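Please have a look at it first.

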Amino acid sequence: SIWMMLAEGLLHTFREMSDQGADRIMRANVLAAATRDRSLIAATSAWHAFIQSERSEFKGMVRSLDNAFANSDSEDHEVLARLYMILANARMSLGERAAAQEMYMYSRHHALECGDQATIDALIYNKAAFALAWLRARTALGDAETELLSQLRVELNSAKTYQQLVGVSALSNLVYLWEAR
């Protein structure tokens, strides 16, 4: 039942972008905690952390990350891929590129271990998107980083080439928009 509730939450989140998804995932997480099933707690906490990061609920995100890490083991590749991506995005949002890069590599490793192509696609997107957001914020504050701009151009070209190779079209317009920005 908890797995079904989590799946419903993800469908509501990604198909409809509705608050119903966040509610279902939170409820699945609460029920998982009640069962004391570590794999359920880890999975639902990871997705809850993702939803919280998307909603800028950072204190809750940190609690969910801690809970997910505490209940996962080294073989929970799907959970760990998600957790490290959330951490990488957070680090990139703070301008901590080196730490973010390390977290992105951990996420990629775990995604490759479990064959999670969607996470690998998301990593390429997120790495460029969060770097661009950081650069735009710094530029708005009068602190343009030309070295970062050069690195970002390489990442954007990489994302565009990758999308063309694998036939992903959902993010193509965003990549062109980033290039323009």
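Predicted model: local features only at pLDDT ≥ 70, side-chain atom pairs only at ≥ 80, totals over all residues.

By the rule used here, in which rings of Phe, Tyr and Trp (its six-membered ring) pair if their centres lie within 6.5 Å, the count comes to five aromatic pairs. One of them joins F14 and W47, whose ring centres are 6.1 Å apart with the planes at 80°, so this pair is edge-to-face (over 60 degrees; under 30 is stacked, and the rest are tilted). Because F14 belongs to helix α1 (residues 2–16) and W47 to helix α3, the pair ties together parts that are 33 residues apart in sequence; helices here are DSSP runs of H or I, at least four residues, numbered from the N terminus.

Residues are numbered from 1 along each chain as its sequence is written, and side-chain values use heavy atoms, leaving out hydrogens and water.

Is W47 buried or exposed? At 18% relative accessibility W47 counts as buried, whereas F14, at 45%, is partly exposed (buried is under 20%, exposed over 50%, partly exposed in between, with a 1.4 Å probe and protein chains only).

Ring pairs also link F14, W47 and F50 into a cluster. R82 lies over the face of F50, 5.5 Å from the ring centre (the rule asks for NZ of Lys or CZ of Arg within 6 Å of the centre and within 35 degrees of the ring normal).

Terms used. Helix = DSSP H or I, 4+ residues; strand = E, 2+ residues; numbered from the N terminus.
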